[in-house]
Amino acid sequence: MKDTRDLKLKQMMSKYTTFVTFVVLLFVLAVLTRGRALTWDSIKTLIIAEAVRAFASLGVGMIIITKGIDLSIGYVVCLTASVAASFAQIPTYETALYYGHSFPLFMPILMGLVAGGLFGLFNGVLVAYGKLPPFIATLGTMSIARGIQLIYTKAAIVSSLTPKFKAIAQNSFGPSFFQIPYLAVYVVVIAFIVWVLLRHTKQGTNFYAIGGNAQAARVSGINVEKDLVCVYFYAGLLYGCAGVLLASRLALANALTANGMELDAIAAVTVGGVSQNGGVGTVGGMIIGIFTMGLINYGMSFLAIDSYYQYLVKGAIIIVAVFFDMKKYAKRA
Amino acid sequence: MKKLALVLAALIALGGMAFASGGGQSSGGGSSSGQVQIALLMRNIDEQFLKDYSESVRKLAAEKNVALNVQDARSDGATQLTQLQTLLNQGYKYFVIVPCVSELSEQMNQLIQAKGGAAAYSNIQPTVDALKVGKNFFFASSPEFVGGRYQGQLIADYFDKNPGKAPGKAVNMLLILGQLGHPAQVNREAGLLAELKTRGYTVNIIARDTANWTPDQSQQKMDAWIAAYRGKFNVVAAQNDGMALGAVESLIQNGFTKSDSSDGTTLTVPVLGIDATQDAINSMKENKLYATVLQDAVGQSASAFDVVYQIASGTYKAGNAAGGTPAATTPIDEAPANDASIIGQCYLVPFVPVDKNSTYYKTH
């Protein structure tokens, strides 16, 4: 009887590892800061900080489920942020990219999404039909995105954005003591959409099948190439959203916007249980992974851990997460 | 997999406890111990100047028994904004900031102002509007245009002494830039070209491109330029010392050397940087780098830290000197110190040209 209970507990722990990790971290942080790190203001800071990364992480998470990878995230988000910002500049701003032109609010959002979608499509075609390894294909597009960003902006900072555009990511709602950032709502909505896609559509099931065994997926009638193009395209759209929100939050975009976001996003979904071996991962896990990494960043800042040491801790956590992930799936194999 | 949870918890707990107790830094928010708490927000710590700056602030904090919290934003504005918000939640109110981008400074100051805090900015200037958020916000840095002018002055002095190397007073320049759009990149270049023009030289830019402040990119760029423009340039100007030293290596490896160093360098083409890092001074002592311009990391950090410390400890009065630098009184051409209404919030730490005759060179 005791053995059965132990087994059930082990299965529960294994299934909910990411969640357990998050709760343990919350608990540790609460104890170390005597609860001060978990005030609503602090939680709000964490949500705002991780919301943009959540979009990028959900995108690359889907790609990793198909056993791919995307290194172009940071520069594509940088490009989409710059494109979006350029259509949201105050028209009378003397160095505005479209000086004298006033665009409706949907334009920066649309153009950011178009830029992200096109890059996603390009990545997908290179991987699916060009048969390039995703690592190499997206390494190339990473550089292309950077080049286009520099050419488009002439390496200048795209700033002086309209108040309406800034409000998209900077505003909150609710009573003054419990303000909820709009960003939190966007994350919930997009997580729900990706969850529906992955769990309740045939294409979502195909993504898992392709990541599990592309050859077997093909034999079973799945159009692997088409689905791969789609997954990179969807990810591109999510990067577009991330860019729009980032430009709105910062009220600017420049060549260093989203610097290194690809590593943060990949690390977050890996910690969240998305296997680098493909075919495994949940939206819930990804979201918890994102906020786990955010909590680690936040916690270390809060605990006054010097930046020099933060790199060590974050690096160690990523290595440990991947190590246990590989061990887990090696056992299954 | 539950091991993962344990390992993660152990890591954060160990890290937290070690630094909360042994690191000499408070893990708490307010200053219940009476110790002044200051946070240093760095845009990154990869460049030599910024390393020197942050090390100087650490030293000053230790001397004043200040609890210092250092955060590196890895050049990401969003990360820096989050770090600021986190520290404000924690109870930090006083900040020394090297911002990722000027345009972020107003938003940052509004957040700090809401908590009744103060901040001083260096290296990347805050906007005029950012300083207008309150009288407790400061600019403690060096005017980049002047730094560029000094580099131009050193080049003009070199060719005045060696007119045969610039026939017809023509300066044929390879210009290695920092990050494009960076205020230092824009203003140093403008100052350099303006000074050479004032001194009667015609500047022909043979090649001009960014090496993003890094020696390795600079060396690669120079290798390519040497292949394309050998014999067509007579000076190499880099916007920081790291890139200048990358160019020096490239020139040496491509045979641009001579045995005579009477003109101040054994390179056939003089190379100049900006920052006067110790590596640059060492290179000058080896007769490689010709000259540099001191951007005083210690002076800037001392001014920024001191003015914030004065506010935190309640001793600040408008017009006080900070870290040995007087508050500015007369507006200059470069923002934000071009606005008379906030000029008293600016501490302009002077650049200093450094060649082999300069006091700085002789004492380092």
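In the predicted model, 13 residues of domain 1 of chain B are in contact with nine residues of domain 2 of chain B, contact being defined as heavy atoms within 4.5 Å. Domain 1 comprises residues 37-142 + 297-349 of chain B, and domain 2 comprises residues 145-295; the bounds come from an automatic or database domain assignment. The centres of the two domains of chain B, taken over C-alpha atoms, are separated by 31 Å.

About 850 Å² is buried between domain 1 and domain 2 of chain B, with 49% of this area on carbon and sulfur atoms. Buried area denotes the accessible area (1.4 Å probe) that two parts lose on being put together, summed over both. Within domain 1 of chain B, the residues that lose the most area to domain 2 are Glu47(B), Phe49(B) and Glu334(B), which together account for 41% of what that side buries.

Between the two domains of chain B, three residue pairs are in polar contact, both residues at pLDDT 80 or more. A polar contact is a pair of N or O atoms within 3.5 Å; within protein, one atom must be able to donate a hydrogen and the other to accept it, and residues adjacent in sequence count only if both atoms are side-chain atoms. Zero salt bridges are found across this interface of chain B, a salt bridge being a side-chain nitrogen of Lys or Arg within 4 Å of a carboxyl oxygen of Asp or Glu.

On the side of domain 1 of chain B that touches domain 2, helix 2 (48-63) and helix 11 (297-312) each supply at least two residues. Helix 2 of chain B gives the most to this side, with three residues. Helices (H or I, at least four residues) are DSSP runs numbered from the N terminus. By class, this side of domain 1 of chain B has three nonpolar, six polar and four charged residues.

Over all chains, the structure holds 16 salt bridges. Arg53(A) forms a salt bridge with Glu50(A), with the closest N and O atoms 2.9 Å apart. These two residues are separated by about one helical turn because they lie three residues apart in helix 3 (residues 40-65) of chain A.

The model scores ipTM 0.79 and pTM 0.81. Chain B averages a pLDDT (the predictor's confidence in each residue, from 0 to 100) of 89, and 91% of its residues score at least 70. Over residues 13-30 of chain B the pLDDT is below 50. Where pLDDT is low, the predicted coordinates should not be read in detail.

Residues are numbered from 1 along each chain as its sequence is written, and chains are lettered from A in the order in which they are written. Local features need pLDDT of at least 70, side-chain atom pairs count only at pLDDT 80 or more, and totals for chains, interfaces and linings use all residues, while side-chain values use heavy atoms, with hydrogens and water left out.

Key: Nonpolar A, V, L, I, M, F, W, Y, C, P; charged D, E, K, R; others polar.
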